[in-house]
Amino acid sequence: MKAVMLAAGLGTRLYGNGEDQPPKVLLRFEDKTLLERHVEILRALGIEELVMVLGYRHDEIEAELKAIGAGDFVRTRFNPDFHDGPVVSLWTARDVLKSGSDVLFMDADVLYPPLLLERLIAAADPTCLLFDRGIDAGEDPVRICIKDGRIVDFGKMIEGDFDAIGEWPGFMKMSPPIAGRIADATARYVQAGKVKLAYEPAMRDVMMDSPPGTFGFEDITGVPWIEIDFPADLIRAQRIIYPQVAATTTDGDGNAAARRR
């Protein structure tokens with residue numbers, strides 16, 4: 001399994017419109033950056049390699065990769081159009097998505113314990129999204145909508161009659177055929193000039209065009225994690241989530257002992 005991580009963005013929701021702040025993947029919690037935490041966790045879980053899509057201040061990320069001794073475990077792809085939407089960054093990694101390998105897709109700005117990825121990788125479904133029932137209010141969270149035990153919709157601000165709605169932490173395991181189809185879907189958006197979009201619409205296109213149940217989900221409600229998009233997220237990550245992540249253990253059934261909320 002290969003991992004693809006998007007780390008090209010400017011982080012304008014966190015920092016504002018200036019370009020004088022470090023990439024979010026270099027945010028530090030105690031003695032380690034998010035990047036060092038990602039690399040340690042992925043290596044420990046037996047991932048073959050991590051391919052990172054870089055853009056904004058990419059030289060600083062590359063310097064950190066050298067400093068933490070990432071070596072050949074990490075390859076980078078440069079997205080020169082990093083001012084565009086994340087769909088372009090995912091398209092930049094299309095060679096990995098079409099490589100014939102299982103792919104672990106990851107956002108770079110998430111703080112989490114190893115247990116979260118352990119659960120995703122071990123999930124029975126070859127294509128699987130993480131699902132947290134403790135969804136935050138507002139327009140920002142990406143929603144996974146469940147009906148009769150299956151995902152029936154995916155995206156932001158979705159309305160309808162569902163058995164459950166949860167938040168997607170930004171991590172997904174993809175089978176080789178699904179990864180390839182998602183690469184093709186991103187290409188269609190880029191070729192159509194729809195480059196200011198997020199990547200979720202391309203993923204949703206493939207999901208909606210697949211037989212029911214193709215995309216499974218792993219319920220990780222209770223596992224501490226946070227995506228750091230806004231200043232309030234960073235404060236919460238520092239004061240609440242990081243202590244929970246640091247303290248997270250597993251019981252005999254593999255359940256998280258610390259809780260997100």
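Reader: Which residues form one aromatic cluster with Trp168?

Author: Happy to take you through it. A quick note on the ground rules: this is a predicted model, where local features need pLDDT of at least 70, side-chain atom pairs count only at pLDDT 80 or more, and totals for chains, interfaces and linings use all residues. Residues are numbered from 1 along each chain as its sequence is written, and side-chain values use heavy atoms, with hydrogens and water left out.

Now the cluster: Phe105, Phe154, Trp168 and Tyr199 form it together. Rings of Phe, Tyr and Trp (for Trp, the six-membered ring) count as a pair if their centres lie within 6.5 Å; planes under 30 degrees apart are stacked, over 60 edge-to-face, and the rest tilted. The count by this rule comes to 7 aromatic pairs. Helices (H or I, at least four residues) and strands (E, at least two) are DSSP runs, numbered from the N terminus. Both Phe154 and Trp168 are buried; that word means under 20% relative accessible area, while exposed means over 50% and partly exposed is in between (1.4 Å probe, protein chains only).

Trp168 also pairs with Tyr199, again edge-to-face, at 6.3 Å centre to centre and 85° between the planes. Here too distant parts of the chain are linked: Tyr199 sits in the loop between helix 7 (176-191) and helix 8 (200-208), 31 residues from Trp168.

Let's step out from the rings to the packing around them. In soluble globular proteins, nonpolar side chains tend to be buried together. A nonpolar core is a set of buried Ala, Val, Leu, Ile, Met, Phe, Trp, Tyr and Cys residues joined through side-chain atoms within 4.5 Å. The largest such core here has 46 residues, and Met52 and Leu117 have the most contacts inside it. Apart from that core lies another, of 41 residues, including Ile144, Met174, Tyr189 and Met203.

Leu117 belongs to helix 6 (residues 114-122), where Leu115, Leu116, Arg119 and Leu120 are buried along with Leu117. Among the elements that the buried residues of helix 6 pack against are strand 6 (103-107) and strand 12. As for Met52, once you leave aside its neighbours within four places in sequence, its contacts (heavy atoms within 4.5 Å) include Met5, Leu35, Ile61 and Val74.

One last stop is the backbone. Phi of Met157 is near 50°, a positive value in a residue other than glycine. Met157 lies in the loop between strand 10 and strand 11, and is partly exposed, with a relative accessible area of 48%. Arg57 also has a positive phi, near 45°, and is likewise not a glycine. You'll find Arg57 in the loop between strand 4 (49-54) and helix 3 (58-67), partly exposed at a relative accessible area of 25%.
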